[in-house]
Amino acid sequence: MDRQLLLLRQKVTNILAGDKANLRFLEQALLMQYMTRDYLNLLVSEQNTEITNTSQMQLKAQANRFHQRMTAFNNELGDHPHAMVPVKQANAAWSFIHSSFERFPERKIPDLIVRYGKRIVRRLSSVQRML
């Protein structure tokens with residue numbers, strides 16, 4: 001996962017500044033990678049300190065931001081014949097794990113988060129290549 005995160009981050013930094021339309025899909029994929037990593041880090045961390053509570057709140061804020069962007073992509077690309085397919089697939093995977101981010105400490109399903117997180121990253125990366 002860390003390797004994929006580094007590759008995505010490198011891709012985002014290598015894209016030209018004028019190519020903002022393609023960059024936002026990679027940024028969204030990168031955000032999913034960060035969320036997956038943070039989710040797993042919080043599972044490993046067994047401390048109930050202020051730092052852990054802050055990290056949980058940050059994870060939930062990232063999940064809300066990710067959800068808003070996915071909704072915007074869905075609305076924006078609704079009439080695009082090819083790009084809409086992977087966006088819908090990514091959105092379906094996101095809707096499956098979204099509640100787990102919202103109810104994090106109570107509901108822990110790391111295997112599904114990792115599996116569907118990777119699927120979302122692949123779908124969003126494919127949209128970036130299409131446009």
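Two rings of Phe, Tyr or Trp form an aromatic pair if their centres lie within 6.5 Å.

**View 1. Aromatic pairs in the predicted model.** The structure shown is a predicted model. By the ring-centre rule, the count comes to six aromatic pairs. In one of these, the ring centres of Phe25 and Phe73 are 4.6 Å apart and the planes stand at 40°, so the pair is tilted. The pair links distant parts of the chain, for Phe25 lies in helix α2 (residues 20-44) and Phe73 in helix α3 (residues 50-76), 48 residues apart.

**View 2. Burial of Phe25 and Phe73.** Are these two residues buried or exposed? Residues under 20% relative accessible area count as buried. Phe25 has 0% relative accessibility and therefore counts as buried. Phe73, at 5% relative accessibility, counts as buried.

**View 3. A cluster of aromatic rings.** Ring pairs join Tyr39, Phe66, Trp94, Phe101 and Phe104 into a cluster. Among the buried residues of helix α4 are Trp94 and Phe101.

**View 4. Helix α4 and its bend.** Helix α4 covers residues 84-102, 19 residues in number. From its first C-alpha to its last, α4 reaches 26 Å, close to the 27 Å expected at 1.5 Å a residue. At Phe96, α4 bends by about 40°. The buried residues of α4 include Met84, Pro86, Val87, Ala90 and Ile97.

**View 5. The setting of the close-ups in the protein chain.** The secondary structure of the protein chain consists of five helices and zero strands. Of the 131 residues in the protein chain, 39% are buried. Its accessible surface comes to about 7500 Å², with 51% belonging to carbon and sulfur atoms.

Definitions and conventions:
Residues are numbered from 1 along each chain as its sequence is written. This is a predicted model: local features need pLDDT of at least 70, side-chain atom pairs count only at pLDDT 80 or more; totals for chains, interfaces and linings use all residues. Side-chain values use heavy atoms; hydrogens and water are left out. Helices (H or I, at least four residues) and strands (E, at least two) are DSSP runs, numbered from the N terminus. Buried means under 20% relative accessible area, exposed over 50%, partly exposed in between (1.4 Å probe, protein chains only). Accessible areas come from the Shrake-Rupley method with a 1.4 Å probe; for residues, only the protein chains shown count as cover. The expected span of a helix is 1.5 Å times one less than its number of residues. The bend at a residue is the angle between axes fitted to the seven residues ending there and the seven starting there. Rings of Phe, Tyr and Trp (its six-membered ring) pair if their centres lie within 6.5 Å; planes under 30 degrees apart count as stacked, over 60 as edge-to-face and the rest as tilted.
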